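Read it with the structure in view.

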Amino acid sequence: MARDNNNNNSSSTLLDEYPFLTYEEFTRCIRLFEDRFGAAIRADGSSNISIVQGRGSRAQYLQITKRLYKRDGEKRSIEEELGDSNSDVEELAMSLEDPDPTRPTNHDTSTATADDMLPIESGWVDYHVAYSAGWRVPVLYLQVFVRSNDGTGQSAHATMDPTAISDALLVDDKDVRDSLAAVEFGGALGIQDHPVLGQPFTYLHPCHTATLLRTVGASFAKDAVGAAEYVAAWLSLVGPAVGLTLPSIPSAS
């Protein structure tokens with residue numbers, strides 16, 4: 001049974017055998033995490049978070065869905081280039097359809113920087129935080145969906161191909177690229193049946209999870225990492241390796 005501190009604040013509930021969890025502690029941890037980070041994760045409209053219960057099962061897991069984007073050097077935001085002037089927008093649209101090579105233009109994309117280019121959605125990734133009864137810690141599963149190159153951009157397919165996953169998750173973020181390279185596909189990152197869904201997912205092996213969390217706990221007072229902090233502490237360690245970073249939120253009062 002979990003111990004409460006003197007304030008009896010549920011967000012500060014301590015864990016009996018940190019860094020190990022019972023399933024009941026795990027479900028409390030993911031609910032407290034959703035309460036604390038949910039609004040910030042949903043804020044920019046590109047990510048979502050929910051607690052999912054498996055069909056025909058009482059088992060729950062935390063799902064974070066994140067849209068993936070890439071920069072397209074040939075597509076520019078006309079409205080951003082010219083503001084709200086309809087006549088200017090129409091003029092630029094006509095010039096793009098039938099450009100006059102003798103006419104000066106400010107819309108040359110050959111020298112455009114990444115910040116000038118229009119981001120387009122390339123797919124999305126579902127991150128699942130599920131409980132491992134064997135390891136007694138959370139495990140991060142992920143499924144990457146890549147937009148099909150069929151001209152419509154409407155269809156997508158799931159992939160477990162290491163190269164496709166790497167390309168989809170890296171986008172153009174050097175920090176994510178370095179983190180993912182450190183994982184080494186075929187090592188810490190593998191393929192395993194999802195414990196709730198029973199389908200193959202890519203996952204981060206949990207063999208070092210307890211050691212990493214002990215390191216976090218050692219930097220604080222004994223038992224300082226409680227149920228409210230557990231998932232955030234763990235994801236801050238393992239998430240960046242697969243493109244999942246947590247948003248900044250105000251400190252709890």
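Which cluster do ring pairs link together? The cluster consists of Tyr23, Phe26 and Tyr131. The model is predicted.

## Overall layout

The protein chain contains 7 helices and 7 strands. Along the sequence, their order is α-β-β-α-α-β-β-β-α-α-β-β-α-α.

The chain has 253 residues, and 36% of them count as buried. Of the contacts between residues at least 6 apart in sequence, 58% join residues at least 24 apart. The accessible surface is about 14700 Å², with 49% belonging to carbon and sulfur atoms.

## An edge-to-face pair

A pair of aromatic rings is described by the distance of the centres and the angle of the planes. The whole structure holds 7 aromatic pairs. One of them joins tyrosine 18 and tyrosine 230 edge-to-face, at 5.9 Å centre to centre and with 85° between the planes.

Tyrosine 18 is in the segment before helix H1 (23–42), and tyrosine 230 is in helix H7 (residues 227–238), so the pair ties together parts 212 residues apart in sequence. Buried means under 20% relative accessible area. Tyrosine 18 has 17% relative accessibility and therefore counts as buried. Tyrosine 230, at 0%, also counts as buried.

## A stacked pair

Phenylalanine 33 and phenylalanine 37 form a stacked aromatic pair, with 4.8 Å centre to centre and 20° between the planes. Both residues belong to helix H1, where they are 4 residues apart, about one turn of the helix. Phenylalanine 33 and phenylalanine 37 are both buried.

Terms used. Residues are numbered from 1 along each chain as its sequence is written. This is a predicted model: local features need pLDDT of at least 70, side-chain atom pairs count only at pLDDT 80 or more; totals for chains, interfaces and linings use all residues. Side-chain values use heavy atoms; hydrogens and water are left out. Rings of Phe, Tyr and Trp (its six-membered ring) pair if their centres lie within 6.5 Å; planes under 30 degrees apart count as stacked, over 60 as edge-to-face and the rest as tilted. Helices (H or I, at least four residues) and strands (E, at least two) are DSSP runs, numbered from the N terminus. Buried means under 20% relative accessible area, exposed over 50%, partly exposed in between (1.4 Å probe, protein chains only). Contact means heavy atoms within 4.5 Å. Accessible areas come from the Shrake-Rupley method with a 1.4 Å probe; for residues, only the protein chains shown count as cover.
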